[in-house]
Amino acid sequence: MKKIKTLGEFIIDNQQEISYATGELTSLLSSIKLAAKIVHREINKAGLLDLSSINHNQNIHGEIQNNLDIFANETFKDTLKARNQVCGIVSEEEDNVVTFDKQLNVESKYVVLMDPLDGSSNIDVNVSVGSIFSIFKRKTPVGRPVEIEDFLQPGTKQVAAGYIIYGSSTMLVYTTGNGVHGFTYDPSLGVFALSHENIKIPTKGKIYSINEGNYTKFPQGIKSYIKYCQEIDKQTSRPFTSRYIGSLVADFHRNLLKGGIFLYPSTATYPNGKLRLLYECNPIAFIAEQAGGLAISNNKNILEIAPEEIHQRVPFFVGSKDMISHLKKYIFD
Ligand code: AHG
Ligand code: MN
Ligand code: MN
Ligand code: MN
């Protein structure tokens, strides 16, 4: 039987890494692991517990929240708060920064930005969804974290980032800046077991992921790139294959393992793009770059964007290095 190495054992084996040195990040990651197990359990009962039904509340984005959005948000908040490592969070499902008042002390030196349930429109049709997290060290020394200094940091400053994909199996994929590692959840043991060590995204790919329903309003460069993907050319393995699930985590995870490109440009509905910089684009971009891929927003690297607002949206292009480099010819104004 294959030896199981749990996420906890993997971190202990890599204790020499500076990011784990004091054990606080380890404790933070284990609170995320716990939340993932709880959300996994509820997602697998969603149909029975009408968690997928809508809650009729709207979040700040004007999206109708479904019960699982709210359940996942509360679960991550509770587990993060309980571990005394985090002084505050930003969440897609919270209008403003949430501070953990008990932890306004020097020990709680991290802030977490998260999308507690990504792809929630897919829940009631039993399609893969995810949770996404991004971790920074706070910049202000102690006390109540400050939005601008502590949360509006460029993605290059991330200490760790990752996602959980609740798919045919549940996986946790994360990086602390030393490669990307994937752990598959074994519910019978209640552990995340190392299954994909040091993931590298193929430099070339044959998959392009974009919601072509928005074609008429895409910038001309994107329209030309889509035509390029569809042309017949054996030399460059075209036409590429179109694959689009509508859950960022699921679309990205497939392209990470197989090679490919994901595009969410500006559209009529979302002139600045739909995806949120702080808790969707930055963490996915950190993973992509650590796996040898690229992530850009028009003519900037995602991780270098100086955030202006916690729910800021940006056009987002992420995937195989050669595909992103080729895309740049079409979108750099
Ligand atoms: P969320 O469910 O967290 O609001 O995110 C949904 C996002 C992302 O998961 C996905 O890539 C994108 O919405 C799909 O948007 P369209 O349905 O407009 O293609
Ligand atoms: Mn949403
Ligand atoms: Mn999302
Ligand atoms: Mn979400």
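Colleague: Why does ligand 1 lie between domain 1 (7-196) and domain 2 (207-331)?
Modeller: The domain bounds come from an automatic or database domain assignment, and this is a predicted model in which local features need pLDDT of at least 70, side-chain atom pairs count only at pLDDT 80 or more, and totals for chains, interfaces and linings use all residues. Residues are numbered from 1 along each chain as its sequence is written, ligands are numbered from 1 in the order in which they are written, and side-chain values use heavy atoms, leaving out hydrogens and water. Ligand 1 lies between the two domains because its shell takes residues from both domain 1 and domain 2.

Colleague: How many residues surround ligand 1?
Modeller: A residue counts as near if one of its heavy atoms lies within 4 Å of the ligand. The closest are Asp118, Gly119, Tyr244, Leu248 and Tyr264, and the shell numbers 18 residues.

Colleague: Which strand supplies the largest share of the shell around ligand 1?
Modeller: Strands are DSSP runs (E, at least two residues), numbered from the N terminus. Strand 5 (110-118) and strand 13 (261-264) each give at least two residues to the shell, and the largest share, 3 residues, belongs to strand 5.

Colleague: Which residue has a polar side-chain atom 3.1 Å from an oxygen atom of ligand 1?
Modeller: A backbone N or O atom of Leu248 lies 2.9 Å from a ligand oxygen atom, while an N or O atom in the side chain of Lys274 is 3.0 Å from an oxygen atom of the ligand. The polar side-chain atom at 3.1 Å belongs to Arg276.

Terms used: A polar contact is a pair of N or O atoms within 3.5 Å; within protein, one must be able to donate a hydrogen and the other to accept it, and residues adjacent in sequence count only if both atoms are side-chain atoms. Helices (H or I, at least four residues) and strands (E, at least two) are DSSP runs, numbered from the N terminus.
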